[in-house]
Amino acid sequence: MKTEFIDVRYRGEIKLNEKVIAKLKRCKVVAVYTSVQFINNLPSVVKQLKDAKVNVVISKPARADCDGQILGCDVYCENLNLPSDVDAVLFIGDGEFHPLALLYSGIKQVISYNPLNNKLRVFSKGDIDKVLNKKQANVKKFLMSDVIGIIISTKWGQEHFNYVGKLKEKYKD
């Protein structure tokens, strides 16, 4: 089956507020990433940061199409192609998926700016701990269940049909 991916871009202007800039000024080196929806705004964000004297770096992750684009499914430290002196990442976008993925990759601090509601959020190890605790509770619930269902994505790159047979074999009862 042929698949065509269509990028949809945010048409608004992204203007970082003073709270975001003040937070980033405390960092030595800040890497900036965004999802494809906001990638067209990245040059103006970088300019705002440089004008505010924030030391900014941008890299092109291994599977991304352009500099500064982040794919949540591929944020391993070595794939990000970051210099070693980065002490924080600014993520421009909405949601928690990408910031949490960056934390899983080993980044110590992820500062997320949501241009849709003009909100700043700092993600840290505590956020990962919450996700891991929830996962552990879900595994316990799964192991205690009499009946389970399996939902599999058909999205390219995210389908894992090979696991169905393995799960069926492992959990026969």
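**Salt bridges, cores and a surface patch**

D51 pairs with K47 in a salt bridge, with the closest N and O atoms 2.8 Å apart; the term covers a side-chain nitrogen of Lys or Arg within 4 Å of a carboxyl oxygen of Asp or Glu. Both D51 and K47 sit in helix α2, four residues apart, about one turn of the helix. Helices (H or I, at least four residues) and strands (E, at least two) are DSSP runs, numbered from the N terminus.

Before we go on, a word about the model: it is predicted, so to speak of a local feature takes a pLDDT of at least 70, side-chain atom pairs count only at pLDDT 80 or more, and totals for chains, interfaces and linings use all residues. Residues are numbered from 1 along each chain as its sequence is written, and side-chain values use heavy atoms, with hydrogens and water left out.

Let us stay with the charged pairs. The count comes to five salt bridges. Another of them joins E96 and R121, at 2.6 Å from N to O. This pair links distant parts of the chain: E96 is in the loop between β3 and α4 (97-104), while R121 belongs to strand β5 (residues 119-123), 25 residues apart. E96 is partly exposed at 41% relative accessibility, and R121 is partly exposed too, at 31%. On this scale buried means under 20% relative accessible area, exposed means over 50%, and partly exposed lies in between (1.4 Å probe, protein chains only). Through shared partners, salt bridges join E96, R121 and D127 into one network. R9 and D7 also form a salt bridge, with their closest N and O atoms 3.3 Å apart. Here R9 is partly exposed at 36%, and D7 is partly exposed at 41%.

Now for the interior. In soluble globular proteins, nonpolar side chains tend to be buried together. A nonpolar core here is a set of buried Ala, Val, Leu, Ile, Met, Phe, Trp, Tyr and Cys residues joined through side-chain atoms within 4.5 Å. The largest such core has 22 residues, of which L16, L24, V32, L49, L90 and I92 touch the most other members. Two or more residues come from each of α1 (18-25), β1 (30-34), α2 (42-51), β3 (88-92) and β4 (110-114). Helix α2, where we began, gives the largest share of this core, four residues.

You can follow I92 to see its surroundings. Leaving out residues up to four places away in sequence, I92 touches I14, L16, V32, Y33, T34, S35, F38, V45, Y113 and P115, where contact means heavy atoms within 4.5 Å. Apart from this core lies another, of 18 residues, including I70, V89, L100 and L103.

What about the outside? V139, L143, M144, I148, I150, Y163, L167 and Y171 form a nonpolar patch on the surface, with about 770 Å² of accessible area together. Helices α5 (125-144) and α6 (162-170) are the elements that give two or more residues to the patch, and α5 supplies the largest share, three residues. I150 lies in the loop between α5 and α6 and is partly exposed at 42% relative accessibility.

Finally, the cysteines. How many disulfides does a search of the whole structure find? It finds zero, a disulfide being a pair of cysteine sulfur atoms within 2.5 Å. C27 is buried, at 13% relative accessible area, whereas C66 is partly exposed, at 27%.

Note on methods
Patch = residues over 30% accessible without salt bridge, like charges linked within 9 Å, V, L, I, M, F, W, Y side chains within 5 Å. Areas by Shrake-Rupley, 256 points an atom, 1.4 Å probe, with all protein chains shown as cover.
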